[in-house]
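My notes are below the view.

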Amino acid sequence: MAAVVDIDVLTAQLGINWSDVNLDSIQLPPGNDFGIESDDESVYQDDQSEFDTGFGNIIVVDHLPVVPKEKFEKLEGVVKKIYNQLGVIKENGLLMPVDPDTKMTLGYCFIEFNTPQEAQNAKEKSHGYKLDKSHIFAVNMFDDFDRLMNVKEEWEPPQERPYVPGENLQKWLTDDKARDQLVIRFGHDTEVYWNDARQKKPEPVHKRSYWTESYVQWSPIGTYLVTLHKQGAAVWGGADTFTRLMRYQHSMVKLVDFSPGEKYLVTYHSQEPSNPRDASKVEIKVFDVRTGRMMRDFKGSADEFSIGGPGGVAGASWPVFRWAGGKDDKYFAKLSKNTISVYETETFSLIDKKSMKVDNVVDICWSPTDSILSLFVPEQGGGNQPAKVALVQIPSKVELRQKNLFSVSDCKMYWQSSGEYLAVKVDRYTKTKKSTYSGFELFRIKERDIPIEVLELDNKNDKIIAFAWEPKGHRFAVIHGDQPRPDVSFYSMKTAQNTGRVSKLATLKAKQANALFWSPTGKYIILAGLKGFNGQLEFFNVDELETMATAEHFMATDIEWDPTGRYVATSVTTVHEMENGFTIWSFNGNMVYRILKDHFFQLAWRPRPASFLTAEKEEEIAKNLRNYSKRYEAEDQDVSLLLSEQDREKRRALNEEWQKWVMQWKSLHEEEKLVRQNLRDGEVSDVEEDEYEAKEVEFEDLIDVTEEIVQELM
């Protein structure tokens, strides 16, 4: 209390009203905390203490082979190879006791890891590991021996703990207005909103300053919101409270990625070397999302993680690990030089304990729904060995299909969201090798023997600017041609007339577009002109092949549909200094509302989990939409009337405020009339309008005279 009294005395001396001070606005200089502990430091205090106490980072591995001295190094190498996959063993961290009389090992060893989390993970993953028929590992934590030695002779039932229900992390999906949530970041603030299109404004849900130190990210099906801090990452959940659910210790984390089913979180950190000529050091950790336990970590130079992909932080590609499709989260893969390493999440070890050797492989891509891995290998030997695209089944590693490609400059693989098709954009050299042209190899994954179809544009010399599959559909769109007015073509893999061949539906000529954004439900697409096109937007109905609306969001940098396909957000981030903020549009191009925010960084819609309805049920609802929509139309009418009444009340209040202000000034003017008269020596200055006479005066002014002689033709 003495410190509080001192502060009150000091503020009184300085003439500061302490109640008027906004504590949230106080910022400490960078790198100096003046001894004030941050929230994050208190969050991770428990985790940090684990590094300094007891023997929690040591495990005891029993049931090892008993071997003589000459086989000691071989056994030690086998044990290290197994446990190096589960954590980082400290230097001289493996101790294998030897019988002093027989010089034989005693059948067990002690292994010391860097952290207790790694030791716990190694114990769980290797207990019961079958080295051979006669040796099955029994693994315990070193700290458990004291507990096991002091077990009471008589059993005591455990104490019952009252059930405390946790927060319903799916509650936001039960919103009675069927609204979606979005998160935005601007300045030092992060805010979550309901998108309330009926009210034509967002409804605030949760706001926090300094919630993250870089960016935020939703998990794939919207259960969690992850924030990044100097001590690690944290996930938050709920409909409106956004309580912290778990934290993950990884110092100076820069990037995160979820597995598709939200079971695992991957974190990334890179450290710049002291010598600029050396590569950055990279550390990647994989955590169990619910328990916070680290399942596996990977360390190396940035060069080891930079193969494939466009590149991320410090030159490493991101995401480094590509997750197999589906919600099971069974497999993930990493691309290395001449190697594809596929891991299974049951033990977080390599499938069959070895990587796939693929010479010169440069890119891999999973099917979104199945454990099928597509890979691209460019030409080798100066063109003597052709490029190839292959499909590999995991975990069997059986090659399902392969296509050799000749005179290839580059390839880009695009999976359709339902995993039915794979499009490979192939850039090929002309005969002179001086230029390239593009086409597509289309794989029909679900059909027998996976047939492949070749598609070339009408003008094969057209440059392909953008490609996008229709979600949950059979169509795709391509922007091709020369800037600034390229063409946009639509194709279908399946039509009523021809179910086995790709067909062109239409080509739109000379469009100001360089990006494609399909609605998540298909049918509608936005042809967008970003960057140099200054935010041109065309809302197009692909079913009817007609433009619904054209609009512009000047200097727009980002476009994102909401998960239901009802609304779409366009935004201008701090890439531009002016007009920062976002605009919400309806699916057919009507502007709903616009919000301006200085220093606007990010907007992200909260994803929704997949619908439980079957395709047939969704089709039935679509056919009977009028019956379902009657209730919502009535609600919309009520909201519209309410908004109209609110607008009238607002205008009425503004008018009353204006009239009140006018009357105040008239009253003041009348009160000062005598003062004005005295200032003018008794002359009355307030003259009524009818004492004036208005006259109209017309005058002419000669500006110039020009004389021109026209010779008449005879």
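**Ground rules.** I am working from a predicted model, where local features need pLDDT of at least 70 and side-chain atom pairs count only at pLDDT 80 or more, while totals for chains, interfaces and linings use all residues. Residues are numbered from 1 along each chain as its sequence is written, and side-chain values use heavy atoms, with hydrogens and water left out.

**Overall.** I looked up the secondary structure and got nine helices and 43 strands. Helices (H or I, at least four residues) and strands (E, at least two) are DSSP runs numbered from the N terminus. Of the 714 residues in the protein, 41% are buried; buried means under 20% relative accessible area, exposed over 50%, and partly exposed in between, with a 1.4 Å probe and protein chains only. Taking contacts (heavy atoms within 4.5 Å) with a separation of 6 or more, I find that 47% are between residues 24 or more positions apart.

**Core.** Which residues touch the most other members of the largest nonpolar core? They are Val-256, Ile-284 and Phe-298, in a set of 34 residues. A nonpolar core here is a set of buried Ala, Val, Leu, Ile, Met, Phe, Trp, Tyr and Cys residues joined through side-chain atoms within 4.5 Å. Elements giving two or more residues to this core include strands S14 (255–258), S16 (281–288) and S17 (294–301). I also noted a second, separate core of 20 residues, with Tyr-83, Leu-86, Phe-137 and Met-141 among them.

I then clicked on Phe-298. Leaving aside neighbours within four places in sequence, its contacts include Ile-284, Val-286, Phe-305 and Tyr-343. Phe-298 also belongs to one aromatic cluster with Tyr-264, Phe-321, Trp-323, Phe-332, Tyr-343 and Phe-348.

**Asn-121.** Buried or exposed? Asn-121 is buried, at a relative accessible area of 0%. It lies in helix H5 (residues 116–126). Not counting residues up to four places away in sequence, Asn-121 touches Leu-86, Met-294, Met-295 and Arg-296.

**Rings.** I count 38 aromatic pairs. Rings of Phe, Tyr and Trp (its six-membered ring) pair if their centres lie within 6.5 Å; planes under 30 degrees apart count as stacked, over 60 as edge-to-face and the rest as tilted. Tyr-268 and Trp-318 have ring centres 5.4 Å apart and planes at 65°, so this pair is edge-to-face. Tyr-268 sits in strand S15 and Trp-318 in the loop between S17 and S18, 50 residues apart. Both Tyr-268 and Trp-318 are buried.

**Sheets.** S8 (residues 189–196) is joined to S9 by eight bridges, and Asp-196 stands opposite Lys-201 in S9.

Another open sheet of four strands runs S23-S24-S25-S26, again with antiparallel pairing. Here the edge strands are S23 (363–366) and S26 (398–405). Four bridges pair S23 with S24 (residues 372–377), and Cys-365 stands opposite Ser-374 in S24.

Terms used: Two strands pair if DSSP finds at least two bridges between them.
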